[in-house]
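The report that follows is meant to be read alongside the sequence and the coordinates. Please keep both in view while going through the sections.

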Amino acid sequence: MGLIADVRGQGLEGLEHNFVTGRLESLVNWARARSCWPATFGLACCAIEMMATGAAHYDLARYGMEVFRASPRQADLMIVAGRVSQKMAPVLRQIYDQMMEPKWVISMGVCASSGGMFNNYAIVQGVDQVVPVDVYAPGCPPGPETLMHAIFTLHDKITTGEVLARRSARGAGAGLAVEQRDGQTAAAMVGRR
């Protein structure tokens, strides 16, 4: 995390070359990573944590993500926060199809990633069945720290071009998984029951 903060604080100096001698692809990837505009798509309790991430304490505005877009045509990042029902899946896909290219998807929480505790016919057992997922953020619900870690991971992979390379190789999303950063571990969750 310290390395990410160091590179982010450097601005253009974080590039291997300067603005004049840098490769065009590196400059475009650098700009893409620092201008992700998320689409508003909160479905359940994870959406509250997503809203907290955009609030003053965590302040996504520092990373160019201050406004969650209501129109998919103005967004290039979809954060699927919460469980996806079978009725909502076509709407999710339609919004994804209307987003501009290149577009990215973060699956936030265990319900979006695998259906969670809702192992039934009404809930999609993983949003990757509907849209290609680039980064999985674990937890129930994952806190703002975990979502920020997923966003930073996505930013780093966009900058290096690895996300697009993984997409073309797999024919699906990049499928990166991040560790949980908000202190909730599986053992702590079991201890609460």
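Which residues of helix 3 are buried? In this predicted model, the buried residues of helix 3 are Cys46, Ala47, Met50 and Thr53, and the sections below place that helix in the setting of the whole chain.

## Overall architecture

The protein chain contains eight helices and five strands, which follow one another along the sequence in the pattern α-α-β-α-β-α-β-α-β-α-α-β-α. Of its 193 residues, 39% count as buried, and the accessible surface comes to about 10000 Å², with 57% of that area belonging to carbon and sulfur atoms.

The five strands form an open sheet in the order 1-2-3-4-5, with parallel pairing. Its edges are strand 1 (38-39) and strand 5 (176-177), each of which pairs on one side only. Strand 2 and strand 3 run parallel and are joined by five bridges; in this part of the sheet, Ile79 has Ile106 of strand 3 as its bridge partner, and Ala81 stands opposite Met108 of strand 3.

How many of the residues of strand 3 are buried? Five of its five residues are, and the strand is accordingly described as mostly covered. In a regular strand the side chains alternate between the two faces of the sheet. In strand 3 both faces are covered, with Trp104, Ile106 and Met108 buried on one side and Val105 and Ser107 buried on the other.

Returning to helix 3, its buried residues Cys46, Ala47, Met50 and Thr53 fall within an arc of 110 degrees when seen down the helix axis, so they line one face of the helix. The face turned away from this buried side carries Ile48 and Met51, which are exposed. The buried residues pack against strand 2, strand 3 and helix 6, and helix 3 itself packs on the sheet, touching strand 2 and strand 3, with a direction that makes about 135 degrees with that of strand 2.

In helix 4 (residues 89-98), the buried residues are Ala89, Leu92 and Tyr96. Seen down the axis of helix 4, these buried residues fall within an arc of 60 degrees, so they too line one face of their helix.

## The nonpolar cores

The largest nonpolar core has 25 residues, and those with the most contacts inside it are Leu77, Ile79, Ile106, Met108, Val135, Leu147 and Leu154. At least two residues of this core are supplied by each of helix 3 (46-54), strand 2 (77-81), strand 3 (104-108), strand 4 (135-137) and helix 6 (144-160). Helix 6 gives the most to the core, with seven residues.

Leu147 illustrates how these elements come together: leaving aside neighbours within four places in sequence, Leu147 is in contact with Met50, Thr53, Ile79, Ile106 and Met108. A second, separate core of 16 residues includes Phe41, Val80, Met99 and Tyr136.

## Helix 6

Helix 6 lies across strand 2, strand 3, strand 4 and strand 5, and runs at about 155 degrees to strand 3.

Apart from neighbours within four places in sequence, Thr146 is in contact with Ala137, Pro138, Glu179, Gln180, Arg181 and Asp182.

Notes
Residues are numbered from 1 along each chain as its sequence is written. This is a predicted model: local features need pLDDT of at least 70, side-chain atom pairs count only at pLDDT 80 or more; totals for chains, interfaces and linings use all residues. Side-chain values use heavy atoms; hydrogens and water are left out. Helices (H or I, at least four residues) and strands (E, at least two) are DSSP runs, numbered from the N terminus. Buried means under 20% relative accessible area, exposed over 50%, partly exposed in between (1.4 Å probe, protein chains only). Accessible areas come from the Shrake-Rupley method with a 1.4 Å probe; for residues, only the protein chains shown count as cover. A nonpolar core is a set of buried Ala, Val, Leu, Ile, Met, Phe, Trp, Tyr and Cys residues joined through side-chain atoms within 4.5 Å. Contact means heavy atoms within 4.5 Å. The arc is that of the directions from the helix axis to the C-beta atoms. Two strands pair if DSSP finds at least two bridges between them. Axes are lines fitted to C-alpha atoms, for helices over the stretch in contact, and angles run from 0 to 180 degrees between N-to-C directions.
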